[in-house]
Amino acid sequence: MPSWATIDADVRSLMGRDTKRNAQKTVLDARQRLTSSSGTRAAFDFELLHDYASARLAAALPMAAIVVILSFVSSFWVPPLFATLWAGTVLLSLLVIVLVARRFKASDPAKFNAGQWTASFVACETVYGLAWSLLALFTLVASPESLTPVMFAMVLVSVAANAVATHTLPPATLMSTLPVTLTVSINLIALGGTLNFMLAAVAVCGEVFFVYLARQLHASELETVTHQAEKDTLIGELEEARHMSDEARRHAEQANIAKSQFLATMSHELRTPLNAIIGFSEVLQSELLGPHQVPQYKEYAGDIHASGQHLLNLINELLDLSRIEAGKYELNEEIVSLVDIAADCRRMMELRAKAKGIELVFNVGNNLPRLWGDERAIRQVILNLLSNAIKFTPQNGKITLVVTRSGDGGQLISVKDNGPGIPEDEIATVLSSFGQGSLAQKTAEQGAGLGLPIVQKIMELHQGRFDLFSKVRFGTEVIATFPRARVMDALAPVVQKKDRLQIYSEAG
């Protein structure tokens, strides 16, 4: 388990990284704003100009149609030649804008220069606005009294259409609408009269309104681009995190493979001399080749044999846990009797219990059916639970082994002792791999902390459940529960079908 100091260091490291990332983001945003031609962010300039060019190209034909219609309508008050010349001038300037917009769309984004393209578009829009402002010259060739309402209507149409088409570039909006508004308004004021004054005032108000509307549309477009950029950034960060996660998983898999290879190699290398140590120490302990001259040699041989057995058990537990975690622990399932397995384990552990003066009680439920499971794995579960109970139960204590039905119709194994118990805050530690409680660290008979984790894993492979209940000074109870689906009386009967040849023979 990691210490509080380690956790605190990790938290501080994460906070430091977040603070550094936020500072870098703030500096980047400030730099983007300083280098932007539109006062927003340099990264947004291309998007806004691209939207402007797209809008101008999309609105080119509708704008040309509006110019032609206005020219045709004005020809009822002004000579057709003058109306045609005005329309040709406006269409020619519109063509220049379309050509520049197409050249921008075809340019390389890597060589994008925001200031240069902004200046080009604003210059084209200025020429376009001046072409529209030639409307004011209609009063030189026609009667002003009848022409002023027509000029006013043409001004409002041009301002509205151009403001919508150029809203992503505010300077272009101003330069495409302001010249015609000023020239026509000045002309109306110069002609005099209440009606002309009112028309001039409305034209100016219309210019202000549509410029304001274009600004609002620009702000909305900018917000959309900002959200899109944030979404792209988030997607990039998620993609980077996914790559880092895949890389970390790959390293973890490689480490797991290396661990498995190491354990497999070391188990073979360790088991070979261990078997020799255990075998020869057993020969020395039993004095098969003759009595020892020194009695202590027999005691030493017993210690060597016990240590070798302990080390061999530890290696076996490590291999079992490694295979389970790697998903290579395969169950050899068959019909077994949980009562018989528990009785065998009790007989095996009874000598150890009697050596410590511990009473080992065995209780069995009535008419327990057989179980579908791995006998060797189940035996390992019971032996680990009994071994732990004997290890931590004081002399003259009591251990109760119970095999009975569970509440949901399954079967359970319960091992209960009256030992010192486990503090509540240490239960999670005891159930973790290599985890040991304070009692295990103090006693001389401590293990590696792999018994209970292996029991948990084996019960998970059997779709079962493992529970540990303990209270200080009141003892510990561990319960391994097998599901109802593994109880033989809960399984559906298997119907044997006749062989097809046998059916044919019987039919014949």
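This is a predicted model: local features need pLDDT of at least 70, side-chain atom pairs count only at pLDDT 80 or more; totals for chains, interfaces and linings use all residues.
**Entry 1**

I looked up how helix H3, residues 60-74, lies against helix H4, residues 80-106. The two pack at an angle of about 170°, and their axes are 9 Å apart. Angles over 145 degrees count as roughly antiparallel, so H3 is roughly antiparallel to H4.

Next I listed the residues that meet. From H3 the list holds Ala60, Met63, Ala64, Val67, Val68, Leu70, Ser71 and Ser74. From H4 it holds Ala83, Thr84, Trp86, Ala87, Val90, Leu91, Leu94 and Val98. I sorted this contact of H3 with H4 by class and noted 13 nonpolar residues, 3 polar ones and no charged ones.

**Entry 2: the sheet**

I then traced an open sheet of 5 strands, with the order E2-E4-E5-E7-E6 and mixed pairing. Which strands stand at the edges? They are E2 (359-364) and E6 (465-471); each has a single partner strand, so one side of each is left without a neighbour in the sheet. From one strand to the next, the twist averages 10°.

I followed E2 to its partner E4, residues 398-405, and found parallel pairing over 6 bridges. Asparagine 363 stands opposite valine 402 in E4.

**Entry 3: helices on the sheet**

I checked what packs on the sheet. Helix H10, residues 338-355, touches E2, E4, E5 (411-417) and E7 (475-482). The direction of H10 makes about 175° with that of E2. Helix H14, residues 451-461, also packs on the sheet and touches E6 and E7. The direction of H14 makes about 145° with that of E6.

Notes
Residues are numbered from 1 along each chain as its sequence is written. Side-chain values use heavy atoms; hydrogens and water are left out. Axes are lines fitted to C-alpha atoms, for helices over the stretch in contact, and angles run from 0 to 180 degrees between N-to-C directions. Helices (H or I, at least four residues) and strands (E, at least two) are DSSP runs, numbered from the N terminus. Angles under 35 degrees count as roughly parallel, over 145 as roughly antiparallel, 65 to 115 as roughly perpendicular and the rest as oblique. Contact means heavy atoms within 4.5 Å. Ala, Val, Leu, Ile, Met, Phe, Trp, Tyr, Cys and Pro count as nonpolar, Asp, Glu, Lys and Arg as charged, and the others, Gly among them, as polar. Two strands pair if DSSP finds at least two bridges between them.
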